[in-house]
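Good morning, colleagues. Please bring up the sequence and the structure, and I shall take you through selected contacts.

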Amino acid sequence: SRGDREKSWQRTPTKSHRKTGPVMSMEDTASRQPAALSADLGASEDLPARRAYEVECLNNAAISFHRYGDTSRATQLYNDAIHKIFHHDASAGPSSPLRQPEISILQVLTEGLPQESQSIGDLALTFDAPHELELEDGAADLSHRAFDIPSILSGAASNQELAPLILHNLGLVFYQLKQTENSMNMFNLALKSLPPSGADTMLARSTHHHMGQLLMFQGETEQAIHHFVQESNVLQNLLKQAASSHTNSGSNGDDDKIGLLHTRLQMSFGNLSRAYFDSSLLQESMLCCEQILRLQLALYPQHDLRVLATTYNIGRIHHKEERFDEALQACNAFLQHAAVQLGEKHPHIMTAMHHVGMIQNDAGLLTTAVTTFTKCLVLRREAHGEVHTSVAETMIELGAVNMEVGNYTRALMAYQRALVIMQSAPCNDPECILMILSYMGQAHYSLGVDLDKALMCYRQVLLMLSNMPEVRNYDLEARVLTTIGEIYLDQGEVRDAMDHFVAAERILPSGDGGTQIGIDVLPSIQDFNPSAAAA
């Protein structure tokens, strides 16, 4: 109910909003000139309509200030709008009302605002592309998204009808600042306050979209899938409405609207496909990709980047399902044609080349995989320098292929260099370092030259695991202990071997079978009892 929404909002600490920076707007400021701010608001005798008009004026002014970089003033104005929506005391004025000089400035500034929605810069998104909240700058500039939503709430009869708009804007601010919990709360409130007539609007679509993105960022893919499905349903309904309107009117404006909706629908299916992929729901992910490809081939040429990116994603799904020939065909098609348009040193191209090497390795094409990883390593060094995590990632895979072909010395050299890079990275990943140390122990053990170095690597793994209780991997710990026991057994240190076998049994009893980890970083272990019996 509206009363419940008001109480829910009043429990939210609004003072903190003044410190959060810019707030996104959903209005097209070009079509709603701030010149209206100079009108005589007292002329209306209808108090709810007058206050709704005041809220709209504050919203439009905040849009302009935010668009031109004055995020502090924009935030103040949004907070004033919120105050007017949820406080009904007619005598309570805004804490920072617009001043006449500001109104004059806004009238000048607004003349330069774009008249149409801005386009999305990079639509060729692959499954490997980082989430926008994972980037160093995060969602640094979302102001252009305000222009993708028409003024659906224009002329609201009361300021309560503007609540979804303002709540959504607050959600975008928190989203931009990576305050995920606050952002999710605002988006939830925005959805709950939408009237039935607002269920199929671009505002609802944007809300579902950003909620899905937040949940993906937090690893809650099941809930993210729900919101991406809702987003795609909204877009398909809007497309039906736009097509019907175009049939009746035949205006060019309808063509532009249909084009924008098609673009958004492709992105929605793309996000849904990635969420399914990350959840290992590969059949559902493939169905989404095939639907995207049908939409794209009806609009774009065969070698358009968007078509190629979808083809690449299909290849990634084939790889997961161990259809290596189909995977290589799709991913190589992306590499061949996209590299011409983007250049070999583009992040998408280098990442795709890295994955092609992984497919070749899994398919048993080891010599070809070495060639692919070596080329990828050269490109990544040229693009990022020697000390970069992407360089380390390719070195790890190159080491793994060398282990497969029995070239343990080269594998060890690759692992050692990767370890140095990862340890010097500003935000190193402890789990990745664990994996590299395990690989190094395996390489030393396979060489058989200096088993003490193998023991040293494995002990470092155990030490790191003991210091990371939140991500403790019992299966890995038990396997490391068993491998240490086997090394001691090979050296004739029977008592030390038995101690480690017993420790492994206590962590993960052989009768339970355990769970095999995805990457075989240690010699294959069926169970622990035969080793203990030998000791």
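Is Thr 483 buried or exposed? Thr 483 is buried, with a relative accessible area of 0%; buried here means under 20% relative accessible area, exposed over 50%, and partly exposed in between, with a 1.4 Å probe and protein chains only. This is a predicted model, in which local features need pLDDT of at least 70 and side-chain atom pairs count only at pLDDT 80 or more, while totals for chains, interfaces and linings use all residues. Residues are numbered from 1 along each chain as its sequence is written, and side-chain values use heavy atoms, with hydrogens and water left out.

Thr 483 belongs to helix H19, residues 474-490 (helices are DSSP runs of H or I with at least four residues, numbered from the N terminus). A polar atom of the Thr 483 side chain lies 2.8 Å from the backbone oxygen of Arg 479.

I turn next to helix H15. Helix H15 spans residues 389-405, and its 17 residues reach 25 Å from the first C-alpha to the last, close to the 24 Å expected at 1.5 Å a residue (the expected span being 1.5 Å times one less than the number of residues). Of those 17 residues, 13 are buried. Just after H15, Gly 406 takes a positive phi of about 90 degrees.

Now the aromatic rings. Rings of Phe, Tyr and Trp (its six-membered ring) pair if their centres lie within 6.5 Å; planes under 30 degrees apart count as stacked, over 60 as edge-to-face and the rest as tilted. By this rule there are 3 aromatic pairs. The pair of Tyr 415 and Tyr 439 is stacked, because the ring centres are 5.0 Å apart and the planes stand at 10 degrees. Tyr 415 sits in helix H16 (residues 408-424) and Tyr 439 in helix H17 (residues 430-447), 24 residues apart. Both Tyr 415 and Tyr 439 are buried.

Finally, the charged pairs. The whole structure holds 8 salt bridges, each a side-chain nitrogen of Lys or Arg within 4 Å of a carboxyl oxygen of Asp or Glu. One of them joins Asp 128 to Arg 316 at 2.2 Å, N to O. This pair links a loop between helix H4 and helix H5 to helix H11, across 188 residues. Asp 128 is partly exposed at 22% relative accessible area, whereas Arg 316 is buried at 10%. Another salt bridge connects Glu 386 and Arg 381, with the closest N and O atoms 2.8 Å apart. Through shared partners, salt bridges join Arg 381, Glu 386 and Arg 417 into one network.

Conventions. Helix = DSSP H or I, 4+ residues; strand = E, 2+ residues; numbered from the N terminus. Polar contact = N/O pair within 3.5 Å; in protein donor to acceptor, adjacent residues only side chain to side chain.
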